[in-house]
Amino acid sequence: MIPYYSSFLQLTKAVESVLSQTSSDWLLTIVNDNPLACRRLDSYLVAINDKRVTCLYNKKNIGITANWNKCIKSATSELVTIFHSDDILDKEYVYKMEQLAKKHPKHRAYFCNANIIDEFDRPVFSFPDFIKSIIRPKTSENLIVEGDAGLASLLKGNYIFCPTVCYRISGKRPILFSKQWQMVQDLALYKEILIQGESLLGCNDKLYNYRRHNNSQTSILTKNHLRFIEEKALYKDIYSASLKLQWHKSSATAKRQLIIQLNLFYQVIANFGRGDFKSSYVLLKLAFTK
């Protein structure tokens with residue numbers, strides 16, 4: 001499922017990466033949240049001429065989280081990936097996710113590693129993603145994320161790239177993103193999966209190309225500071241939930257908020273270097289707000 005709003009060129013690249021999969025065992029649905037893009041998408045589907053590729057149209061813009069949830073509710077398969085419209089799949093993604101799910105059916109979701117690319121599809125170094133690669137638990141086997149230890153590891157730094165996740169939805173109770181959040185929906189959802197006694201399984205293969213660029217929703221919400229406000233609020237919620245479950249590792253990690261603090265100070269230094277002293281001041285205030 002591809003939730004779509006803008007950047008038609010990048011959408012075509014995303015779709016082409018699905019069409020190029022080594023496995024043909026897939027269906028692709030674009031869920032359009034931009035009423036102005038309907039005609040263009042209709043023409044594009046005609047040009048593709050592949051019955052496996054379809055489109056759903058929202059009558060009006062419903063926003064990111066609601067559109068992600070519509071993707072999940074509209075899926076008819078056992079497994080579903082919320083594939084971001086500006087990213088690119090490795091040609092083995094479908095096959096390897098399918099095999100991972102078949103061999104390990106007890107898990108609620110599956111994820112992989114990712115390459116980082118820029119707006120021109122070129123590999124690019126990302127310091128935050130480099131830190132995530134260090135934080136990610138090291139294992140030669142598949143990585144099981146479950147219980148107190150699993151949640152605590154994610155709170156040290158969310159090393160799961162959200163759009164790489166393949167969710168098991170058939171025969172399961174609804175799994176939806178909370179409308180409370182604009183930026184941290186993914187971590188909030190992983191928390192819900194774990195506290196409900198379910199688990200996630202990740203492989204080390206880089207089967208996804210994750211695009212970092214200044215116009216992405218992540219970049220926009222980082223610049224306007226909403227990202228950090230939400231992260232602090234979510235960590236407080238997780239701290240309370242972990243205490244009730246007596247998950248001591250998670251509650252201690254959530255209380256420290258170390259990764260949030262480090263990221264805030266990193267952004268302060270970056271903004272200061274650009275001469276954006278106002279943003280640096282706001283971020284410093286956030287860093288010292290409990």
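This is a predicted model: local features need pLDDT of at least 70, side-chain atom pairs count only at pLDDT 80 or more; totals for chains, interfaces and linings use all residues.
Three strands form an open sheet, and their order is β1-β2-β3, with parallel pairing. Which strands stand at the edges here? They are β1, residues 2–4, and β3, residues 53–57, and each has a single partner strand, so one side of each is left without a neighbour in the sheet. On average, and with direction ignored, neighbouring strands of this sheet are turned by 25° against each other. If we look at one pairing in detail, strand β2, residues 28–32, pairs with β3 in the parallel sense over five bridges, and the bridge partner of L28 in β3 is V53.

Now for the helices on this sheet. Helix α1 lies across β1, β2 and β3, and it runs at about 170° to β1. Helix α2, which covers residues 38–48, also lies across β1, β2 and β3, running at about 165° to β3.

A14 is placed in helix α1, and with a relative accessible area of 0% A14 is buried, the cut-off being under 20%. Not counting residues up to four places away in sequence, A14 touches I2, F83, H84, S85 and D87. To take one of these, A14 and H84 are 70 residues apart in sequence, and yet their C-alpha atoms are 8.0 Å apart in space. The second residue is S17, which is also found in helix α1, residues 8–19. Is S17 buried or exposed? At 7% relative accessibility, S17 counts as buried, and, leaving out residues up to four places away in sequence, S17 touches F83, I88 and L89.

I turn next to helix packing. Two packed helices are described by the angle between their axes and by the distance between the axes.

The crossing in which α6 passes α10 is left-handed. On the α6 side we find D148, A149, L151, A152 and L155, and these meet H248, K249, S250, T253 and A254 in α10.

In the second pair, helix α11, residues 258–273, packs with helix α12, residues 277–287, at an angle of about 165°, with the axes 8 Å apart. Angles over 145 degrees count as roughly antiparallel, and α11 and α12 are therefore roughly antiparallel to each other. Here too the crossing is left-handed, as α11 passes α12. The contact is made by Q261, L264, F265, Q267, V268, N271 and F272 of α11, together with F277, S279, S280, L283, L284, L286 and A287 of α12. How do the residues of this contact divide? In the contact of α11 with α12 there are nine nonpolar residues, five polar ones and no charged ones.

Technical notes:
Residues are numbered from 1 along each chain as its sequence is written. Side-chain values use heavy atoms; hydrogens and water are left out. Axes are lines fitted to C-alpha atoms, for helices over the stretch in contact, and angles run from 0 to 180 degrees between N-to-C directions. Helices (H or I, at least four residues) and strands (E, at least two) are DSSP runs, numbered from the N terminus. Angles under 35 degrees count as roughly parallel, over 145 as roughly antiparallel, 65 to 115 as roughly perpendicular and the rest as oblique. A crossing is left-handed if the near helix is turned anticlockwise from the far one by less than a right angle, and right-handed if clockwise. Contact means heavy atoms within 4.5 Å. Ala, Val, Leu, Ile, Met, Phe, Trp, Tyr, Cys and Pro count as nonpolar, Asp, Glu, Lys and Arg as charged, and the others, Gly among them, as polar. Buried means under 20% relative accessible area, exposed over 50%, partly exposed in between (1.4 Å probe, protein chains only). Two strands pair if DSSP finds at least two bridges between them.
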